[in-house]
Amino acid sequence: MAKNSSALKTAFIVVFILIFIPCCTFFIIYKTNAEFRDTTNKYMKNFPGFIGEYANTYPTDEEKGEKIDFLAQYYLSLSKEVASDKLYGIKKDNEELYYDIIKQMQMSSTSKTEDVLKIIRNREIKKDLMITLYDEIKKENEMKFNEEIKRYDKLGFFSAAQEIEERYLKLNKNEEAANIIASLNVNKAAHIMYYFSQENRDLLFNEMSLIKKNDINNEILSMDMKKNALIDKAKIYESKISKEVFEEIGNLDNYSIEELAQIYNNLSPVKAGEVLSFNKDNKFYNDLMDEIRKNENLQKDEGSITIDISKVMNFYKKYNEKINDLTVIYEKMNSSDVANIIERMIVSNNVIDSCKITNAQIAITDSKLIVDVLKNMPKTNLSDILNQLEPRKATEIIRRLSK
């Protein structure tokens with residue numbers, strides 16, 4: 001068994017040496033030596049089958065030279081412009097063939113070949129210049145676009161929305177506007193689009209990818225949910241005591257300025273103005289009014305709630321000053337004298353001051369004034385005054401004070 005295996009190995013080595021190595025050597029020489037290849041092909045042309053067909057189709061160097069010369073003479077017979085156009089196409093597809101033809105053309109006519117080459121070189125230079133200019137313009141446009149994105153990223157939501165509407169949407173440049181918005185972060189993009197009409201939103205969404213559209217739209221829906229929650233908050237604040245409401249929405253401790261604008265925008269102007277009459281921070285007030293005006297622009301309101309709020313606020317500021325002054329005076333008076341004043345004023349509906357706004361009118365009567373003064377008095381003083389009144393009248397005043 002071992003002898004048979006050894007014999008097989010020996011036979012394989014002999015076959016390898018006698019067949020494979022000579023074949024490899026032949027193939028290498030055939031590919032690298034043109035003279036050997038031409039001689040071999042001459043003999044193989046008479047072989048049957050594939051080998052004969054291959055040898056017949058493979059040109060010799062002499063035949064190849066004849067074809068190159070034929071092509072060179074053909075291109076020299078053409079006009080310089082036509083020849084350069086055809087040769088330019090060959091150069092793009094087969095540079096080796098191109099240089100063989102040019103070399104042969106130069107041997108036949110150096111001057112015409114140089115003229116043809118000059119046209120080809122000029123054409124290549126123009127093409128390179130065109131590509132360079134295209135790349136430069138494209139790069140410049142990309143830089144401008146990136147700068148524009150950075151600028152919009154720094155702008156406030158409302159300002160950015162207004163500018164995009166003026167510069168792009170009104171000029172039907174919807175794709176450009178969509179590209180700018182889609183390049184911003186989702187939160188910024190959603191806040192900007194929140195100021196657009198549904199029609200404009202749809203125009204922009206049509207120019208965006210489905211993923212970007214869904215991301216921004218989901219953020220807008222989230223903003224709508226938060227807005228509805230703030231509207232519900234406003235309904236609760238409408239029925240609460242204004243001074244207590246001011247403690248919650250008279251600063252930035254509990255809400256952002258955007259959220260506060262939503263709340264005040266959904267309070268009645270009378271309530272909003274009365275709450276803000278306790279404010280002493282001018283910056284807070286101005287920022288809040290600016291934000292409310294932005295919301296009005298978003299909702300396309302014709303009137304301005306800020307005018308009514310400001311009017312009511314100033315009216316109540318003066319009224320609060322009057323309350324404080326009267327409180328100081330009544331604290332110094334004899335409790336029985338104050339009780340006599342209360343008895344007369346508590347039943348009087350005489351209007352002592354008023355304020356008219358767009359859809360409402362505020363009237364201050366004697367009875368309201370005296371109740372508000374009593375609310376402002378220290379408990380000890382109030383207790384002494386109530387003790388001077390008849391039980392029935394004292395009970396009525398306590399009922400009003402509890403409202």
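Contact here means heavy atoms within 4.5 Å. This is a predicted model, in which local features need pLDDT of at least 70 and side-chain atom pairs count only at pLDDT 80 or more, while totals for chains, interfaces and linings use all residues. Residues are numbered from 1 along each chain as its sequence is written, and side-chain values use heavy atoms, with hydrogens and water left out.

View 1. Of its 403 residues, 34% count as buried, where buried means under 20% relative accessible area, exposed over 50% and partly exposed in between (1.4 Å probe, protein chains only).

**View 2. I342 and the largest nonpolar core.** A nonpolar core is a set of buried Ala, Val, Leu, Ile, Met, Phe, Trp, Tyr and Cys residues joined through side-chain atoms within 4.5 Å. The largest one holds 30 residues, and Y330, I342 and I397 touch the most other members. At least two residues each come from α17 (305-332), α18 (335-345), β2 (361-365), α19, α20 (379-387) and α21 (391-401). Of these, α17 gives the most, with 7 residues. Look around I342: leaving aside neighbours within four places in sequence, I342 is in contact with I370, L374, I385, L389 and I397. A second, separate core of 26 residues includes I149, A160, A161 and L204.

**View 3. S367 in helix α19.** Helix α19 spans residues 366-376 and contains S367. With a relative accessible area of 7%, S367 is buried. Beyond its neighbours within four places in sequence, S367 is in contact with M345, I346, S348, N349 and R400.

**View 4. V347 in a loop.** You will find V347 in the loop between α18 and β1 (351-356). V347 is exposed, with a relative accessible area of 64%. V347 and K368 are 21 residues apart in sequence, and 9.8 Å separates them in space, C-alpha to C-alpha.

**View 5. Helices α5 and α6.** The axes of α5 (residues 80-93) and α6 (residues 95-108) come within 6 Å and cross at roughly 140 degrees. That makes α5 oblique to α6: angles under 35 degrees count as roughly parallel, over 145 as roughly antiparallel, 65 to 115 as roughly perpendicular and the rest as oblique. Axes are lines fitted to C-alpha atoms, for helices over the stretch in contact, with angles running from 0 to 180 degrees between N-to-C directions. Here L87, I90, K91 and D93 of α5 meet residues of α6 including E95, L97 and Y98.

Technical notes. Helices (H or I, at least four residues) and strands (E, at least two) are DSSP runs, numbered from the N terminus.
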